[in-house]
Amino acid sequence: MNTQVISLVSIGAHPTSGRPRRAEQDARAVELGLQMAGDKLQVLHAGDIAEPTLRSYLGMGLAQLHVLEQPPGADALPVLSEYLRDAGAQVVLTGSQAETGEGSGMLPFLLAEHLGWPLIVGLAQVESIESGVALVLQALPRGQRRRLKVRLPFLATVDNAAPKPRQSAYGPAQRGELAAHEVEVEADELFTGAVLQPAKPRPKRLKVIKAKSGADRMKAATAKASGGGGQVLKGLSPEAGAEAILKLLLEEGVVR
Amino acid sequence: MLNTLLPILLFAALGLAVLGALRRAAMWRRGRASKVDLIKGLLAMPKRYMVDLHHVVARDKYIANTHVATALGFVLSALLAVLVHGFGLHNRILGVALLLASVLMFVGATFVYLRRRNPPSRLSKGPWMRLPKSLMAFSVSFFLVTLPVAGVLPADFGGWLLAALLSVGVLWGVSEMFFGMTWGGPMKHAFAGALHLAWHRRAERFGGGRSTGLKPLDLNDKSAPLGVEKPKDFTWNQLLGFDACVQCGKCEAACPAFAAGQPLNPKKLIQDMVVGLAGGTDAKFAGSAYPGKPIGEHRGNPHQPIVNGLVDADTLWSCTTCRACVEECPMMIEHVDAIVDMRRHLTLEKGATPNKGAEVLENLIATDNPGGFAPGGRLNWAADLNLPLLSEKGRCEVLFWVGDGAFDMRNQRTLRAFVKVLKAAKVDFAVLGLEERDSGDVARRLGDEATFQLLATRNIQTLAKYNFTRIVTCDPHSFHVLKNEYGAFNGDYVVQHHSTFMAELIGHGALNLGQHKGSSVTYHDPCYLGRYNGEYEAPRQVLRALGIEVKEMQRSGYRSRCCGGGGGAPITDIPGKQRIPDMRMDDIRTTGAELVAVGCPQCTAMLEGVVEPRPLIKDIAELVADALLDEPAPAKAPITREPAEVH
């Protein structure tokens, strides 16, 4: 695959200690990018080049990591979209939500809007890219996958359905290069102007267990949420039955 | 005729041997530099050979005596043969001496032959089966050709037929013994072994010393390789050490991973390293294979990566770093060093630590503990104990190093028991609390030297802030690392295992102990306490003080079998045919003991992981805490009380 792939990375925070680390989902974006483009993958970060945690991405075997230098509190959106447009990126991968900073999960949406590109949420696998069209699998809840056809360029977020990131190794992390790019700094007004306050845990819905047996519980835990759109046909002629089935298959896109 | 033929044969073989030695030395010199005092080492070698090495060999009396006879006989006969037959010094006394030496050698060779008649599986076959015959050929031939010199027989006895036969015998003998010694025959062990003893990387091991801490990597030296990728990345004296292997298989017999059917055999590993340093395939290896891996499919040379050519990665990750192989090795080869060196490359360069390895290392970096628990919870186990913090006291007698067992509910019982003992003995102690970090043991054994050094330097910085006389810990792994591995980073402390400390307390009468009640007890020696630090006695002393007569396992003391929990083995979790702790539990069961005393959180966890019914597992601290009596020790005199009036 000779596609220009760029993965966006941020600084993560360990869930129990809060210390900076390689962000879990961003690392998956890098892993997916490495699987797609190998050495040609570009990795991009907007922020402080002096942050030592950036090296843990280099430890995944990257020769270089591009950093758009920004002080904390600056808006990453304009500089990223400008860079991506100029870099001729065809596929941009990013985690769904940052572990530090605002962490609103809005960046991919806003970026896609700025660039005017399609956005895939929860990319699990890129099956093929041919003549400007990518065939990808999108992760849905309960392990389901949806096959999508997207034209290039597109932006995709990855979540925990994407392949597990490879281990970050010390040697490559030390040897890799952090390439600084000077950019115009724009303050993120939403972030700097607002007051941060700790989030309250969302109240939990009371769980009423209706299942009587283990089999029921298993079913409740694994069964697909029923759509309720089904139809029971009785006493039809074979022709009418076949027609109804064909109609459904056409609707679902199984038969074209 | 023999008088002209023998010098030619002898000197030709010796000349070829010198050529071979130079060739072999060139192979070792492909390795990296190592700081060794060459002259001092050579001078120290005879003593190392006759004292330290003999000490290890003498554990097996049969082979020790055999070897003394054979080796002494050979060295003497070789020297005398060169004088008598090489230089033609047909002196009668020399001749008689040569006769005696060759008889001695022949006796030794006979016992080698007897051992080889039905050899145990740990011994290598192949060319090694030929060796006793070669030894006999050498000794018998030289005995016979020397008879005329000693004046026993006339000079021209036997005619040309016997002369021809004898020259064939001498040819066979000197080919094996001189030429084969440096060209890779079984006798290579004598040549490489002697030099290996002289230029050993851990000279401290000789003269009764101990050197078990891993050697640090210089991470600031950008030109130095991060661990060993190719055979030439070993230091030259490590390569020499591999060549010293005599393939006796004592390591194989002691290796817990091999016994569990995991793909590791220390002997084969060392032989693979020999293949690596000389180039070739492992097809000629005539011993036991790595379990589950056929022989002959691996090849390598000094400039080719070792992993996935010469050795598979799972072989390296099977090792529990228990040092049983190093302890048993009569050639004092350092298997564990080599394995960790190769692991370092896999982790630091390839990012290929298997299974949970990567996760554990990430946790260590982000949370200072392998489990990824919130660092703020490090002292939760002692929430109600009101432990004195060193940050508040500033100085104390005993710094209680808690270790990562603080996060493990089973080990918290041990920790609480030990605190009870400390309090009962009124020890002036304190803990680091949240300032403590993982000692770096697991990171280091998994090859992540960078994370180890990060943790070590931070711990050393913390410790430098305070004043304490000694560190006491319940974890032999922390004990070993603090005691033996922090020194390289300027962290020198007096460190004690809690068993040693409790033995001292008991010795001073600081504890008022009752007797252990009930069940019979055996004791499991943790590798990192025993083999790594030579502490076999203190735990037994403590147990004796509790009135326990330890029912020793067959494999105890320096021969103790690993629980399977060391070296990150539970993290990398390489599959085998059975589990190491199950085998150890069988050892325990054979003693008939109902309780096994342990002194290590890893051993506790591994042994408790064995399915019931099985003997109970208790830490020594728990046994001591259970036996504590409430009243203070001197109050044993009966309390006199006014008799109550009775009407």
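**Chain A: strands side by side**

Mentor: Start with strand β1 (residues 5-8) of chain A. Val5(A) and Ser7(A) point one way, while Ile6(A) and Leu8(A) point the other way, and all are buried.

Trainee: What makes a residue buried or exposed?

Mentor: Count the other C-beta atoms within 10 Å of its own, with C-beta atoms placed from the backbone. Buried needs 20 or more, exposed means 12 or fewer, and partly exposed lies in between. Val5(A), Ile6(A), Ser7(A) and Leu8(A) are all buried, so each has 20 or more.

Trainee: What kind of model is this, and which pLDDT cut-offs apply?

Mentor: It is a predicted model: local features need pLDDT of at least 70, side-chain atom pairs count only at pLDDT 80 or more, and totals for chains, interfaces and linings use all residues. Residues are numbered from 1 along each chain as its sequence is written, with chains lettered from A and ligands numbered from 1 in the order in which they are written.

Trainee: What makes two strands a pair?

Mentor: DSSP must find at least two bridges between them. β1(A) and strand β6 (residues 91-95) of chain A have four bridges, so they pair. The sense is parallel, and Ile6(A) stands opposite Val92(A).

Trainee: Which strand of chain A does β1(A) join over three bridges?

Mentor: That is strand β4 (residues 42-47), again parallel. Val43(A) is the bridge partner of Ser7(A) there. Follow the chain of pairs onward. β4(A) has four bridges to β5 (residues 64-69) of chain A, where Val67(A) is the partner of His45(A). β5(A) then has six to β12 (residues 177-182) of chain A, and Gln64(A) meets Glu177(A). Both of these pairings are parallel.

Trainee: What holds paired strands together?

Mentor: Strands of a sheet pair through backbone hydrogen bonds, either parallel or antiparallel.

Trainee: Where in chain A is the pairing antiparallel?

Mentor: In an open sheet of three strands, ordered β8-β9-β10. β8 (123-130) and β10 (145-151) are its edge strands, each pairing on one side only. From one strand to the next the twist averages 20°. Axes here are lines fitted to C-alpha atoms (for helices over the stretch in contact), with angles from 0 to 180 degrees between N-to-C directions. Seven bridges link β9 (residues 133-139) to β10(A), and Leu137(A) stands opposite Arg147(A).

Trainee: Where is the kink in α2(B) centred?

Mentor: On Arg48(B), with a value of about 50°. The bend at a residue is the angle between axes fitted to the seven residues ending there and the seven starting there. Arg48(B) is also buried, along with Met45(B), Leu53(B) and Val57(B).

Trainee: What do the buried residues of α2(B) pack against?

Mentor: Against α3 (61-86) and α7 (188-198) of chain B. A contact means C-beta atoms, placed from the backbone, within 7 Å.

Trainee: Which strands of chain B sit at the edges of its four-strand sheet?

Mentor: The order is β4-β3-β5-β6, with parallel pairing. The edges are β4 (429-431) and β6 (495-497), since each pairs on one side only. The twist averages 35° from strand to strand. β5 (residues 467-473) and β6(B) share three bridges, so they meet the cut-off for a pair. His497(B) is the bridge partner of Thr473(B). Helix α21 (residues 498-507) lies across β5 and β6, at about 85° to β6(B).

Key:
Helices (H or I, at least four residues) and strands (E, at least two) are DSSP runs, numbered from the N terminus. Two residues are in contact if their C-beta atoms, placed from the backbone, lie within 7 Å.
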